[in-house]
There are 4 protein chains.
Amino acid sequence: MFSDGVLAIAITLLILEIQVPSSAKNGLWHALGELWPSYAAYAVSFLTIGIMWVNHHAIFERVVRADRGLLFWNLALLGAIAFLPFPTAVLARYIRSPDNASAASMFYGLTMITIGLCFAGLLSHLARHRESLVPTSTRESMRRALQRTSFGPITYAVATLVGAFAPYAALALYGVVAVFFAFNRSRD
Amino acid sequence: MFSDGVLAIAITLLILEIQVPSSAKNGLWHALGELWPSYAAYAVSFLTIGIMWVNHHAIFERVVRADRGLLFWNLALLGAIAFLPFPTAVLARYIRSPDNASAASMFYGLTMITIGLCFAGLLSHLARHRESLVPTSTRESMRRALQRTSFGPITYAVATLVGAFAPYAALALYGVVAVFFAFNRSRD
Amino acid sequence: MFSDGVLAIAITLLILEIQVPSSAKNGLWHALGELWPSYAAYAVSFLTIGIMWVNHHAIFERVVRADRGLLFWNLALLGAIAFLPFPTAVLARYIRSPDNASAASMFYGLTMITIGLCFAGLLSHLARHRESLVPTSTRESMRRALQRTSFGPITYAVATLVGAFAPYAALALYGVVAVFFAFNRSRD
Amino acid sequence: MFSDGVLAIAITLLILEIQVPSSAKNGLWHALGELWPSYAAYAVSFLTIGIMWVNHHAIFERVVRADRGLLFWNLALLGAIAFLPFPTAVLARYIRSPDNASAASMFYGLTMITIGLCFAGLLSHLARHRESLVPTSTRESMRRALQRTSFGPITYAVATLVGAFAPYAALALYGVVAVFFAFNRSRD
């Protein structure tokens with residue numbers, strides 16, 4: 001309930017990071033067009049948090065008992081996701097600055113890696129405490145879930161490295177990973 | 001649950017786009033009066049999101065199974081609605097600027113068209129996957145819902161064109177469409 | 001559910017209207033002390049929305065069927081309450097400005113009157129459509145609820161008039177009305 | 001429900017207090033690194049509100065009847081927690097200012113003491129009205145809960161005093177207290 005709320009709020013706060021153009025010297029269409037990195041970053045982060053919500057929800061539907069470790073991992077995960085509006089705004093602000101685009105892209109990627117590690121940590125905690133889960137959760141299904149989840153930080157690490165050289169390509173990659181997790185999930 | 005949260009937050013964030021006047025040279029009443037486009041845009045967007053929430057809720061009450069396509073359409077719809085505070089603020093800021101009022105009004109209208117298309121896409125996905133719906137949803141009722149929904153993007157397209165020439169009239173039209181959807185819905 | 005969300009968000013957004021002092025020439029304690037009108041306005045508005053939430057919840061616990069009119073009154077009511085962070089910030093910003101304090105206080109009061117009228121409108125709609133309510137709602141209990149609610153706009157009108165001459169006294173009065181509604185409610 | 005919403009929103013709003021660097025003269029990495037007090041304050045406040053949510057939830061799971069006093073204490077508690085993003089931002093902004101760091105740290109600590117006192121007030125109200133609680137709540141269990149809770153304001157008072165001389169140490173202490181409450185809770 002609380003987790004759902006945090007994710008719903010984090011996803012909606014993303015829009016607050018897009019600033020209304022304070023002047024429109026070359027016309028408002030031009031000024032609004034100049035903001036395209038903000039729209040792209042908004043779309044990628046919205047999609048990412050949305051998919052994360054679906055996956056988070058799917059995990060916690062199987063949890064019947066919350067212990068101390070789970071609480072910590074969940075708070076760490078929520079804290080990392082709720083942090084995302086900040087690197088999103090940094091990325092939107094600096095992706096067109098030749099000197100700073102790679103730093104902005106990598107900062108965004110590091111946040112994504114952190115989120116991915118928290119997901120993996122949470123799942124591996126649950127895999128070690130299967131008594132917290134519904135009885136139908138087999139060792140095998142947990143192993144597969146963990147395997148799939150570990151794909152996250154790895155791909156994000158690749159995207160972060162790509163971002164060091166090609167920030168735009170990295171932004172596209174972040175979007176692709178979100179779409180992958182959406183498709184992959186539903187195969188189960 | 002998550003969708004309800006996103007819509008509740010988007011509707012409430014609208015107020016953050018109205019800035020406290022930083023000075024009040026001609027008196028505070030005058031400065032507050034100058035903000036009337038912000039109040040009007042707030043009212044229209046609040047009404048619009050409110051009605052959309054009712055309609056979104058009515059759709060999902062009939063959904064018994066969420067597949068991958070539905071998830072995507074719903075995320076796209078929520079992303080478009082959660083984007084609305086931004087064009088609302090742009091409209092409030094520029095509607096009195098002779099050079100930029102039509103751009104601001106059309107930008108708002110384009111967002112509305114996008115939202116309307118997402119609604120139509122979601123409904124037409126459900127019409128093609130009636131197994132996701134409660135058994136009482138007949139082909140006929142889905143067709144009617146789709147017909148009514150397709151009214152949205154069409155009217156918004158008209159309002160957007162009107163906005164190119166008469167931004168104030170367009171703002172009034174956006175409000176009228178919201179009221180239409182409120183009345184029309186309840187006839188069923 | 002949606003209503004609860006809107007009120008929870010509106011009450012929490014109040015804090016965003018308090019700005020971190022950008023400089024602290026006479027020391028940070030002094031700068032933080034200078035913000036006392038913000039703290040007072042925060043406390044009064046928080047208390048007011050909190051009590052309104054309790055009353056709103058108590059009303060809707062008795063509603064079994066939502067018709068078109070109820071939907072409209074509820075949206076109008078939520079829209080007016082979600083607007084409150086703005087006059088709260090205006091009041092905090094201008095209550096110490098000799099020229100503008102009365103305008104700021106009256107603007108706040110006008111919002112409160114509007115909220116009170118929406119509450120009265122919603123209740124009087126329900127009194128005319130008792131078929132929307134749980135069977136235990138007698139004509140007599142609705143009459144009493146309406147009577148008590150009509151106390152709101154009247155007191156707020158008095159406080160608004162007081163605000164024209166004594167803004168600080170009006171702010172205190174707004175707080176007192178909230179406390180009155182909290183105590184009065186629970187007598188039932 | 002409403003309380004959960006307020007806490008979920010307060011915790012997520014924390015990120016809005018971190019501003020995107022407006023320039024990056026020495027490179028964006030440097031500018032992002034300079035913001036470390038914001039990250040630290042974010043982490044400590046996020047952890048604190050998260051643990052408070054768990055404890056608040058655990059208390060209200062045992063409440064079967066809400067009276068007037070409980071309502072007031074709960075609103076006061078929520079109001080104090082929802083206030084936390086402000087001192088968090090003040091702390092992040094001023095902790096590196098030699099003249100103002102101790103004031104910023106103590107202001108943060110005073111808010112924490114207030115929150116702790118509200119928790120203690122709420123619990124002691126419940127201890128005096130055990131008829132509001134589920135029957136399994138013994139006088140002994142309430143006494144222990146109260147004892148543990150009173151640990152909060154005392155430790156926060158110590159941390160506040162430490163903050164007068166060593167603001168960084170105080171920030172670390174605030175984090176430690178949150179961790180203590182997380183561990184301690186789960187022993188029951």
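This is a predicted model: local features need pLDDT of at least 70, side-chain atom pairs count only at pLDDT 80 or more; totals for chains, interfaces and linings use all residues.
# How the chains meet

Between chain C and chain B there are zero salt bridges. Four helices of chain C, namely H1 (2-13), H4 (68-83), H5 (85-94) and H6, each bring at least two residues to the side that touches chain B. Of these, H4(C) has the largest share, with eight residues. Sorted by class, this side of chain C holds 23 nonpolar, three polar and three charged residues.

How much area do chain C and chain B bury between them? The value is about 2700 Å², with 82% of it on carbon and sulfur atoms. Chain C puts 29 residues into this contact, while chain B puts in 33.

Now move to the other partner of chain C, which is chain D. Here the contact takes 29 residues from chain D and 33 from chain C. The two chains bury about 2700 Å² between them, and 82% of that lies on carbon and sulfur atoms.

On chain D, the touching side draws at least two residues from each of helix H1 (2-13), helix H4 (68-83), helix H5 (85-94) and helix H6 (101-128). H4(D) gives the most to that side, with eight residues. By class, the residues on this side of chain D are 23 nonpolar, three polar and three charged.

Some chains do not meet. Chain A and chain C have no contact, and their closest C-alpha atoms lie 9 Å apart. Chain B and chain D do not touch either, with 9 Å between their nearest C-alpha atoms.

The axes of H3(C), residues 36-60, and H6(C), residues 101-128, come within 12 Å and cross at roughly 5°. Because of that angle, H3(C) counts as roughly parallel to H6(C). Which residues of H3(C) and H6(C) meet? From H3(C), they include Val44(C), Thr48(C), Met52(C), Ile59(C) and Phe60(C); from H6(C), Tyr108(C), Met112(C), Phe119(C) and Leu126(C) are among them. The contact of these two helices has eleven nonpolar residues, four polar ones and no charged ones.

One to visit is in chain B, where Arg96(B) forms a salt bridge with Glu34(B), and the closest N and O atoms are 3.7 Å apart. This pair links distant parts of the chain: Arg96(B) sits in the loop between helix H5 (85-94) and helix H6 (101-128), Glu34(B) is in helix H2 (residues 28-34), and the two are 62 residues apart.

Methods. Residues are numbered from 1 along each chain as its sequence is written. Chains are lettered from A and ligands numbered from 1 in the order in which they are written. Side-chain values use heavy atoms; hydrogens and water are left out. Axes are lines fitted to C-alpha atoms, for helices over the stretch in contact, and angles run from 0 to 180 degrees between N-to-C directions. Angles under 35 degrees count as roughly parallel, over 145 as roughly antiparallel, 65 to 115 as roughly perpendicular and the rest as oblique. Contact means heavy atoms within 4.5 Å. Ala, Val, Leu, Ile, Met, Phe, Trp, Tyr, Cys and Pro count as nonpolar, Asp, Glu, Lys and Arg as charged, and the others, Gly among them, as polar. Buried area is the accessible area (1.4 Å probe) that two parts lose on being put together, summed over both. A salt bridge is a side-chain nitrogen of Lys or Arg within 4 Å of a carboxyl oxygen of Asp or Glu.
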